[in-house]
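Please look over the sequence and the 3D structure shown here before reading the report. The text is meant to be read alongside them.

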Amino acid sequence: MNLIALGGVIGAGLFVGSGVVIQSAGPAAVVSFLIAGLITVLIMRMLAEMTIAKPALGSFYVYAREALGNRAGFAVGWMYWYFFVIVVAVEAVAGGRILQLWVPDVPLWVLSLGLLLLLTGTNMVSARSYGEFEYWFSSIKVVAIVVFLAVGALYLFGFWPGAHGGVTNLVSHGGFAPLGIGAVLAAVVPCIGFYTGAEIVTIAAAESAEPKKAVAKAMRSIILRVVLFYVGSVFLVVAIKSWDDPATAVSPYAAVLEVLGIPAVATIMNAIVLTAVLSCLNSALYTSSRMLFALTGNGDAPKAFTRLSRSGVPRRAILAGTVIGYVSVIAAYTSPNLIFQFLVNSYGAVALFVYLSIALAQVRLRRRLEREDPGKLTFKMWLFPWLSYATIALMAGVILAMALLPSTRSQFWLSAVTLTLILVGFEFRRRRGKPVAGVPVEPVPVEPGRDAAALRD
């Protein structure tokens, strides 16, 4: 469970996308990642409080429904599902492009389709097979980051062969924040996107033997992971390699490894990034299927997706999550600059909408639990309610910044279109289906040792 949480946080965005942030903020990108990390930690703490107090299949979808109403729950569940089916598509294409570096004669769509079929197959077997694959994917990523941190520290302290040591690169190319404080704050927006995925552990907990213990343990260590892996490694990048070097923008970690004189840098980084991509693809298939399965429990999705295999896997829900992936593989081949680009932009702010909903739900549920059953609050949000309110304000500020910044404005508005369509879907379901909006539906509790297979009946 700890490695699933790790795998959710450490994605290809860290190894490649962080270069874009460094180019836009300079060495002060470290501050951008730290601010985004703190916001993520606060959101995860709020979510962990709810998960440990009231474990439920569907996690924050159930909490949003209970605290904010049926409409909000419907929107959160379907937004999160949509977010991860697009991740399936994006990662399948990204993985295919990396494989093409080694087998250039094989068409991109064939490689992407192969990866999609491979990981769909593993997810169709059992939740354990997903966990096993994610265990090894996450282990490779963690080892890669730890080794990078170790050799980078040796270089800075002058113990690496040929190293001069020191951190002069932090200020010698226009200063620590050469593009201004505004650029540093603006860079927080994409940084939060890199952290998205830590919440997967609360969904996977429903199929673990001890969900409360698993979530508490994973969330207690998230602060160390955020600070050490993201902030620490980005600090090493800008301290060892000048932030304005073109190589830093393309692949910051590969650029540092070249400075260190590591042989076969390109091959090593491509292998690590491919692992990160496969991990994200694996997690996205799992998460989208479980969220769709949870949506069926309240009539927010067709009952057909409730059916489970003998091993307790919602196979129909898994296949539903791959449909957009297959369409995207075709789109990346036939229309990479139109259809595929639209899909990528249409989910940019969706995760932020979900995170804001988590924060709002926590405030309401915490008040309710304090009145009705305070004994369940064994893992609490810090400094409630003021830190919860501050987190809500920070998330609202990030979303507003995304709407105003030229670089993210199109993603915000296309994501707003996605949200609008989902709300239209809710109105359609409300008029035709059950239960009726406004009537709260009790979440399905998760008992220790109870997995999805036990819910087949």
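## The chain as a whole

The model is predicted. Its chain has 20 helices and 0 strands. Of the 457 residues, 57% count as buried.

Among the contacts with a separation of 6 or more, 79% are between residues 24 or more positions apart.

## Helices H6 and H7

Two packed helices are described by the angle between their axes and the distance between the axes. Helix H6 covers residues 108–125 and helix H7 covers residues 127–156. Their axes come within 6 Å and cross at roughly 130°.

Which residues make the contact of H6 with H7? On the H6 side they are Leu-119, Thr-122, Asn-123 and Val-125. On the H7 side they are Ser-129, Tyr-130, Phe-133 and Phe-137. Sorted by class, the contact has 5 nonpolar residues, 3 polar residues and no charged residues.

## Gly-96 in helix H5

Gly-96 is part of helix H5, which spans residues 70–100. Is Gly-96 buried or exposed? Its relative accessibility is 0%, so Gly-96 counts as buried; the cut-off for buried is under 20%.

When residues up to four places away in sequence are not counted, Gly-96 touches Leu-108, Leu-111, Ser-112 and Leu-115. Gly-96 and Leu-115 are 19 residues apart along the chain, and 7.4 Å separates their C-alpha atoms.

Ser-279 sits in helix H15, residues 265–296. Its relative accessibility of 0% is the reason why Ser-279 counts as buried. The side chain of Ser-279 is joined to the side chain of Glu-134 by a polar contact of 2.4 Å.

Thr-322 belongs to helix H16, residues 315–334. With a relative accessible area of 1%, Thr-322 is buried. What does Thr-322 contact, leaving aside its neighbours within four places in sequence? The partners of Thr-322 are Leu-116, Thr-120 and Leu-285.

## Arg-128 in helix H7

Arg-128 is located in helix H7. The relative accessible area of Arg-128 is 64%, so this residue is exposed; the cut-off for exposed is over 50%.

Along the chain, Arg-128 and Val-313 are 185 residues apart. The C-alpha atoms of Arg-128 and Val-313 are separated by 10.0 Å.

## Helix H9

Helix H9 consists of residues 188–195 and is mostly covered, with 6 of its 8 residues buried. The buried residues in H9 are Val-188, Val-189, Cys-191, Ile-192, Phe-194 and Tyr-195. After H9 comes Gly-197, which has a positive phi near 130°.

## Backbone exceptions in loops

Most residues other than glycine have a negative phi, and most peptide bonds are trans. The residues below depart from one of these patterns.

Ser-59 is not a glycine, yet its phi is positive, at about 50°. Ser-59 is found in the loop between helix H3 (29–53) and helix H4 (60–68). With a relative accessible area of 1%, Ser-59 is buried. Leu-383 is not a glycine either, and has a positive phi of about 50°. Where is Leu-383 found? Leu-383 lies in the loop between H18 and H19. Leu-383 is exposed, with a relative accessible area of 66%.

The loop between helix H18 (350–372) and helix H19 (386–404) also holds Pro-385. The peptide bond that joins Phe-384 and Pro-385 is cis, with omega about 5°.

Terms used
Residues numbered from 1 in each chain as written. Predicted model: local features only at pLDDT ≥ 70, side-chain atom pairs only at ≥ 80, totals over all residues. Heavy atoms only, no water. Helix = DSSP H or I, 4+ residues; strand = E, 2+ residues; numbered from the N terminus. Buried < 20%, exposed > 50% of the residue type's maximum accessible area, 1.4 Å probe, protein only. Contact = heavy atoms within 4.5 Å. Axes fitted to C-alpha atoms, helices over the stretch in contact; angles between N-to-C directions. Nonpolar A, V, L, I, M, F, W, Y, C, P; charged D, E, K, R; others polar. Polar contact = N/O pair within 3.5 Å; in protein donor to acceptor, adjacent residues only side chain to side chain.
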